[in-house]
Amino acid sequence: MRLRPIDLAREHGLSTQAVRNYEEAGILPPAGRSPSGYRVYAPRHAAALRTFLALIPAHGHATATAIMRAVNEGAVEEALRLIDGSHAQLAEDRRTLEAVDLALGGLAPPAEPAPGETFIGPLAHRLGIRPATLRKWQRAGLITPRRDPHTGYRVYTATDVRDVLLAHQLRRGGHGLARIAQVLEQVRTAGGPEPLQATMNEWRARLTARGRAMLSGATALDTYLKTPGS
């Protein structure tokens, strides 16, 4: 069965130039040529295009492209390695989400209002930890207290104290410093725990959608691998 570029393009609302670009990028296997020099595609080209478009929501455009190139070059193991990497990243994102959820859910309010600024000694005493622990967290990039220009003492703002409380909660939960750094980055990006808590459901939904997209992409890729000539 012969297919023209327009036949592949119409199914997905693409332009014929996009189809040609995908072939040149290695996403589609090389097309045959008619006696007059026009591209001639087969069902396996249509399957390749469907597979690529199914892989994009799961792995992103660049990785989906790399997967299809590997498959079309016969390097199936490389394609599977790329897929494994996406699954590992999704699992990492889920662990970060769970850590954020745990930290926000278990963060008890202070027994008394926290001052606007404090120093390392009082803050360490409040948490029942050593000042050396706070210095270690600073070296790991978890917190960045400023220095008093006159005394050189570390000064912890209310935001610093919030981050220290979150870090303390996560350390008590057994999380490592690298994981805590990811959580604190999410909190800072969101503008604080409260706005972040409001986005948790949306974040979780995105991860679920990506997980389901991986299932769809895997099904499409399995079908393509079974297509004659692939």
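Beyond its neighbours within four places in sequence, His59 is in contact (heavy atoms within 4.5 Å) with Ala64, Ile67, Ile83, Ser86 and Met214. The model is predicted, with local features requiring pLDDT of at least 70 and side-chain atom pairs counted only at pLDDT 80 or more, whereas totals for chains, interfaces and linings use all residues. Residues are numbered from 1 along each chain as its sequence is written, and side-chain values use heavy atoms, with hydrogens and water left out.

His59 belongs to helix 3 (residues 43–59); helices (H or I, at least four residues) and strands (E, at least two) are DSSP runs numbered from the N terminus. His59 counts as buried because its relative accessibility is 9%, the classes being buried under 20% relative accessible area, exposed over 50% and partly exposed in between (1.4 Å probe, protein chains only). The side chains of His59 and Ser86 are joined by a polar contact of 2.8 Å, that is, a pair of N or O atoms within 3.5 Å; within protein, one must be able to donate a hydrogen and the other to accept it, and residues adjacent in sequence count only if both atoms are side-chain atoms.

In helix 4, the buried residues are Ala64, Thr65, Ile67, Met68, Ala70 and Val71.

Three strands form an open sheet in the order 3-5-4, with antiparallel pairing (two strands pair if DSSP finds at least two bridges between them). Strand 3 (117–119) and strand 4 (146–147) are the edge strands, each pairing on one side only. Strand 4 and strand 5 (residues 154–157) run antiparallel and are joined by two bridges. Arg146 stands opposite Val155 in strand 5.
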